[in-house]
Amino acid sequence: MNTWGSKIKVSIFGESHGGGIGAVIDGIPSGLAIDTEFIKSEMQRRAPGQNNLSTPRKEADEVEILSGMFDGKTTGTPICGIIRNTNTRSKDYNKDLLRPGHADFTGFMRYGESHDFRGGGHFSGRITAGLVFAGAIAKQVLKEQGIRIGSHIKAIHNIAEKSFLDIDNLSAELLERLTEKAFPVMDEQIGNAMQEKILAASADKNSVGGIIECAVIGAKPGWGAPFFASTESLISSIMFSIPAVKGIEFGRGFEMSAMFGSEANDPFRTDGEKIFTTTNNNGGINGGITNGMPIVFSVAIKPTPSIARQQDTVDIEKMENTTIEISGRHDPCIVQRAAVVVECAAALAILDSELI
């Protein structure tokens, strides 16, 4: 299925080398003013071909809104946006040679000869442009309630900067500044080292992955539900719709497995009006329900599987072992372009959680 959500439903469609890609978002109330320039700016953060850290494939990624809007406001009906593909080069792809790390084999086993292998087809990271469109709308709905979402590149390969959990100024202003950066890091010196690592991998016909840490500020306590509709469950389910995501943790996450309870617990305090915690090891969520602290989570992004090095594979037509050297236009690292996708997916999850 290609539909996600409970109160807010999002459907995505299209293939990397088809006529276009897009999304339909249903459940947005009527009468909300939508800033299309903000949608455009979010789309540009994800768009390919902007610098030497990303694929040379250039796409404008301009969204044509087909329905659900009238005179700049939502109508309450499904909002459909389509992004036309304009710069495909399908000759770079061989349907018989399975690309390691891609969904060529699993897609063929699921859909057979009808599977669209060009550029990864419906499995391509390009399909996340639809998530950004839908998430940009969700971000605007949440902003009206004082909720801000932002992210930073926490790590590239083995180079890392501080976590949001380790700084004193996790604010809406910081998140806003990060969204304005082409390479969103808090420490520019470490960010430069990360970029050098990406370029070195590219020169070596290789690729690297990394970690994106995302924060949600302003979520009210009491959103979400225990167990199957937990806030962690909702966020995790939509994060794994991003093709390169291979892991997620909330707050200190896996680090908590090496802590004592006295270290991992977040002590409570009050200022006489509201209750808060003095640490945020649990990432703003207890029992699946938001506690009012910033929601902080990290996702692991795998290295781009398309690399120009010779790799072992199978010719699925001949059923013979062979090798492949992937040509074409590919990102040596997709982390910097995936940051906005993570934010927009988080916005959809938080909006859905709020409405449950």
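Visitor: Which side chain meets that of arginine 252 in a salt bridge?

Guide: This is a predicted model, in which local features need pLDDT of at least 70, side-chain atom pairs count only at pLDDT 80 or more, and totals for chains, interfaces and linings use all residues. Residues are numbered from 1 along each chain as its sequence is written, and side-chain values use heavy atoms, with hydrogens and water left out. A salt bridge is a side-chain nitrogen of Lys or Arg within 4 Å of a carboxyl oxygen of Asp or Glu. Here the partner of arginine 252 is aspartate 166, at 2.8 Å from N to O. Arginine 252 lies in the loop between strand E11 (245–250) and helix H7 (261–264), and aspartate 166 in the loop between strand E9 (159–160) and helix H4 (172–179), so the pair ties together parts that are 86 residues apart in sequence. Helices (H or I, at least four residues) and strands (E, at least two) are DSSP runs, numbered from the N terminus.

Visitor: Is arginine 252 buried or exposed?

Guide: Buried means under 20% relative accessible area, exposed means over 50%, and partly exposed lies in between (1.4 Å probe, protein chains only). With a relative accessible area of 15%, arginine 252 is buried, whereas aspartate 166, at 40%, counts as partly exposed.

Visitor: How many salt bridges does the structure hold?

Guide: There are 14. One of them joins glutamate 64 and arginine 84 at 3.3 Å, N to O. This pair links distant parts of the chain, since glutamate 64 belongs to strand E4 (residues 63–67) and arginine 84 to strand E7 (residues 79–84), 20 residues apart. Glutamate 64 is partly exposed at 39%, and arginine 84 is partly exposed at 45%. Another salt bridge joins arginine 99 and aspartate 104 at 2.8 Å, N to O; both of these residues are buried.

Visitor: What is the order of the strands in the open sheet of five strands?

Guide: Strands of a sheet pair through backbone hydrogen bonds, either parallel or antiparallel. Two strands pair if DSSP finds at least two bridges between them. In this sheet the order is E1-E2-E3-E7-E4, with antiparallel pairing. Strand E1 (3–4) and E4 are the edge strands, each pairing on one side only.

Visitor: Why is strand E8 described as largely enclosed by the rest of the structure?

Guide: Strand E8 (residues 148–156) is so described because eight of its nine residues are buried. E8 pairs in the antiparallel sense with strand E10 (residues 210–217) over eight bridges, and with E9 over two bridges. Glycine 150 has alanine 215 in E10 as its bridge partner, while alanine 155 has alanine 160 in E9.

Visitor: How many residues has the largest nonpolar core?

Guide: A nonpolar core is a set of buried Ala, Val, Leu, Ile, Met, Phe, Trp, Tyr and Cys residues joined through side-chain atoms within 4.5 Å. The largest has 69 residues, and those with the most contacts inside it include Ile25, Phe297 and Leu348. Helix H8 (residues 335–355) gives the most to this core, with 14 residues. Apart from this core lies another of nine residues, among them Phe164, Leu165, Ile167 and Leu175.
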